[in-house]
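Have a look at the next slide, and then we'll walk through it together.

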Amino acid sequence: MPELPEVETIRLGLQKYLVGHTILDVDIRMAKIFQGEKKNVIGAKITDIKRIGKVLIVELNNEFLIAIHLKLTGQLIYRGERVSRVPRVSRVKIGGELPNKFTHVIFHLDRNSVLYYNDMRKFGWIRIVENSKLKMQSFFKDLGPEPFKDLTFSKFIKIVQSSKTPIKLVLMDQKKIGGIGNIYANEALFDAGIDPRRPAKQISEEEAKKLYSSILKVLKNGIKYGGSSDVNFVNALGEDGSYQEHFLVYGRKGEKCRRCGLVIKKIKLGGRGTYFCPACQR
DNA sequence: AGCTGTACCTGCAGGC
DNA sequence: TGCCTGCAGGTACAGC
């Protein structure tokens with residue numbers, strides 16, 4: 001499901017509701033999702049929630065942490081005393097009642113609270129890791145610099161100009177840049193007026209400047225609108241985001257370009273659906 | 001080194 | 001109505 005803005009939306013929710021809770025037990029219903037020893041987190045208190053790229057990090061008051069990757073369809077939903085009402089859940093196809101058939105891990109917390117991990121396609125994972133060993137893990141050791149963190153413009157232009165692959169694939173390559181996925185790559189390239197097929201190294205400095213600020217802009221907007229619930233993203237309370245209502249190209253094949261009125265095209269790039277306006281993006 | 005295709009899963013939309 | 005195909009926000013890995 002989620003890219004940087006969706007994961008950040010969940011992080012903000014979890015930070016509000018989860019910090020301070022103690023983990024009483026972990027109910028693992030699908031073994032492949034949960035990696036590591038649950039005994040290392042039982043009894044620990046949650047001290048903070050962080051995000052590295054598209055991965056959530058639940059910090060504990062011991063020497064372990066919980067790293068969670070939601071991949072395409074993972075959801076983390078909190079229910080407990082700090083939520084005065086159960087939000088109306090409209091777009092979670094799985095319906096409002098929890099747990100359901102897609103609930104694969106349940107964290108039982110103190111004060112009658114619960115954190116559900118749901119994942120229709122079971123691609124995601126929850127990993128118990130020693131604090132000091134996180135950066136040695138396969139996913140993290142190769143992760144590129146991140147927008148809003150260490151992705152400066154001078155790093156960005158070096159990354160872009162050192163690859164001959166299509167610019168869209170460079171934006172989505174987590175080893176080059178952390179956090180951008182298919183939706184925001186499409187939207188950023190539209191905003192910058194750049195054809196997603198262009199070999200990255202032939203992007204000029206001026207275009208790179210525009211693209212850099214477009215990336216920050218679309219990610220910021222994604223966070224502002226609480227993420228995109230185009231399919232089944234929900235925040236930490238199970239509620240929808242609304243950024244899908246603001247998409248300018250993603251998913252708009254055959255519709256009119258909002259800038260010039262010509263028809264949005266869809267092609268495949270690196271196996272992923274790619275939407276663009278042939279007139280505005282060059 | 002770096003690219004491409006495929007695998008991992010399940011549900012759903014669209015075509016016939 | 002129902003079957004079949006392709007597609008979906010992400011990575012990891014095999015093979016060239």
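Let me start with a question: which side chain meets R29 in a salt bridge? The partner is D27, with N and O 3.3 Å apart. By salt bridge I mean a side-chain nitrogen of Lys or Arg within 4 Å of a carboxyl oxygen of Asp or Glu.

Some housekeeping before I go on. This is a predicted model, where local features need pLDDT of at least 70, side-chain atom pairs count only at pLDDT 80 or more, and totals for chains, interfaces and linings use all residues. Residues are numbered from 1 along each chain as its sequence is written, chains are lettered from A and ligands numbered from 1 in the order in which they are written, and side-chain values use heavy atoms, with hydrogens and water left out.

Back to that pair. R29 is partly exposed at 44% relative accessibility, and D27 is partly exposed too, at 27%. For those words, buried is under 20% relative accessible area, exposed is over 50%, and partly exposed is in between, using a 1.4 Å probe and protein chains only.

How many salt bridges does a search of the whole structure find? The count is 17. One of them links D191 and K210, with the closest N and O atoms 3.5 Å apart. D191 sits in helix α5 (residues 182-192) and K210 in helix α6 (residues 205-224), so this pair ties together parts that are 19 residues apart in sequence. Helices here are DSSP runs of H or I with at least four residues, strands are runs of E with at least two, and both are numbered from the N terminus. D191 is buried at 12%, while K210 is partly exposed at 36%.

Another salt bridge joins E255 and R252, at 3.4 Å from N to O. Here E255 is partly exposed at 37% and R252 is buried at 7%. Salt bridges with shared partners also join E8, R11, R51, E146 and K149 into one network.

Now for α6 and its packing. Helix α1 (residues 4-17) packs against α6 at an angle of about 35°, with the axes 8 Å apart. The axes are lines fitted to C-alpha atoms, for helices over the stretch in contact, and angles run from 0 to 180 degrees between N-to-C directions. L4, P5, E8 and T9 of α1 make the contact with L219, G222 and I223 of α6, where contact means heavy atoms within 4.5 Å.

On the α3 side we have F153, F156, I157 and Q161, and on the α6 side E205, A208, K209, L211, Y212 and I215.

Last topic, the sheet. Four strands form an open sheet in the order β1-β7-β8-β6, with antiparallel pairing; strands pair if DSSP finds at least two bridges between them. Why is one side of β1 and of β6 left without a neighbour? Because β1 (23-28) and β6 (74-79) stand at the edges, each with a single partner strand. Neighbouring strands are turned by 15° against each other on average, direction ignored. Six bridges join β6 to β8 (residues 113-119), and I77 stands opposite Y116 in β8.
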